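Here are my notes for your first look at this one. Have the viewer open as you read.

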Amino acid sequence: MSTAFDCIVLGGGPAGSTTAALVAEQGHKTLLLERAKFPRYHVGESLMPDTFFTLERLGVVEKLKDRGFIRKYSVQFVGQSGRESAPFYFLQHRDEEASVTWQVERGEFDQLLFENAAEKGADCRDQMRVTDVLLDGDRVCGVKAKHADGEEFTFESKVVVDGTGQSSLLASKFDLKENYQDLRNAAIWTYYKGAHRDEGKDEGATIILYTSDRKSWFWYIPLKDDLVSVGVVSENDYLLRRGVRPQEAFEEELKRCPAMKWRIENGMREGDFKVCRDFSYSAKEPAGNGWVLVGDALGFLDPIYSSGVFLALKSGEMAADAIHAGLEKNDLSKEQLGGWAPEFMHGMGLIRQLVYAFYNEKFNFGHFIREFPQHKGNLVDLLVGRVFRPGLEQVFVDMETWLEKQSTDENMDSSKMTSKA
Ligand SMILES: Cc1cc2nc3c(=O)[nH]c(=O)nc-3n(C[C@H](O)[C@H](O)[C@H](O)COP(=O)(O)OP(=O)(O)OC[C@H]3O[C@@H](n4cnc5c(N)ncnc54)[C@H](O)[C@@H]3O)c2cc1C
């Protein structure tokens, strides 16, 4: 069975559903294929405030409000000594609707976006695994797919969008995936019911907690129905060392994080420990003739700032605009389909630099802001996702000089100690 489309999107996660909705809305014949059956589980519950703008364009803000997801007003950090910083309320930075975001159960959130794509006119099918792409020379011109019941399909298309997340079907086929060698982290996580929850506005805060030796950090993300998502992140080789089961590794780190331990000790664990490793990578090329990558299929940084869904939505939106313009003028070249990527990769690169800062043991947000108060607003913009504006680069110029100075001061202090001894 063969059918022709203007645009086929692979993967019904936030990136794929966004692209499909916005392309279909322009009247292009669009097919969205998802291998799982909705609702399906996915990690990544905490949203960044600036997801609001793509969600608004998709027309789903009111639906999200109706679902009763926990509202996230702030983020809070707990240092390695256990000292809690005051929660940072996004509304204090910008008093606007976007500044209160959500902690979402991804099964429900992703299904809502998938159904929204159908409402905008896309042909959305779940339980349809894409098995390969069709090539005409170097141009991608369709896909092969298999339904869960075994039936096989061939679909032709002018454009194929890869939104298959970490599977990154196209980038893997074309050997374009590159792991960040200096960011090789793993995560172990699970869920608790009835754990401690703060009250009022603080109920929905994401909390990031260092362990006492700063070798790892925990996330605490409160969800609806009294559930909390709790995960620990550290280097692959340390966290997933041979002979130590994920539960043991998680519990060992928990001993080194009393501020996390007391929050969950009265809760009941729900479900198993889940593991993910080597999740930080980028594709060498964002697009080619007849194809384009969006969301995690294009690249993923790290869970620390909850930037994944934001970047998935944003790349889906930017790619959809390029696809619409390309279909209108019959130009589906690499240059047309990837024309948005330099701006996107620049913004993503800024968040990546902030990720590296977090893992630098000399870095401390509070100390840096005390030294460079002019960067407070810039740092908050980076944390909420407002990264597609000029002027943020200076943060990292000053940060590098400051971090070098920290190292020099420390070396001088230790050489003074040695000469005294
Ligand atoms: C440990 C961890 C914690 C995280 N925490 C957060 C967080 O708190 N906040 C946040 O914003 N982000 C977080 N993320 C990142 C976030 O989960 C992703 O960035 C986000 O889901 C990317 O969306 P996507 O649409 O690109 O991919 P996905 O959401 O992964 O969707 C891809 C879809 O493609 C489907 N698919 C795959 N292969 C095929 C195929 N062959 N055929 C058809 N369909 C296919 C999959 O079933 C899936 O539904 C976290 C990531 C990790 C690893």
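1. Start with the domains: the centres of domain 2 and domain 3 are 28 Å apart, taken over C-alpha atoms. Domain 2 covers 185-277 and domain 3 covers 362-420, while domain 1 is made of 2-42 + 51-68 + 106-179 + 283-339. These bounds come from an automatic or database domain assignment.

2. A word on the model: it is predicted, so local features need pLDDT of at least 70 and side-chain atom pairs count only at pLDDT 80 or more, whereas totals for chains, interfaces and linings use all residues. Residues are numbered from 1 along each chain as its sequence is written.

3. Now helix 12, residues 341-359 (helices are DSSP runs of H or I, at least four residues, and strands are runs of E, at least two, numbered from the N terminus). Its 19 residues reach 26 Å from first C-alpha to last, close to the expected 27 Å (1.5 Å times one less than the number of residues). Among its buried residues are Phe344, Met348, Ile351 and Leu354; buried takes 20 or more other C-beta atoms within 10 Å, exposed 12 or fewer, partly exposed in between, with C-beta atoms placed from the backbone.

4. Where does Gly11 lie? Look in the loop between strand 1 (2-10) and helix 1 (14-24). Gly11 counts as buried because it has 29 C-beta neighbours inside 10 Å. Asp162 is 151 residues away in sequence, yet 7.0 Å from Gly11 in space, C-alpha to C-alpha.

5. Leaving aside neighbours within four places in sequence, Gly11 is in contact with Gly16, Glu34, Gly163, Thr164 and Gly165 (contact means C-beta atoms, placed from the backbone, within 7 Å).

Technical notes
Two residues are in contact if their C-beta atoms, placed from the backbone, lie within 7 Å.
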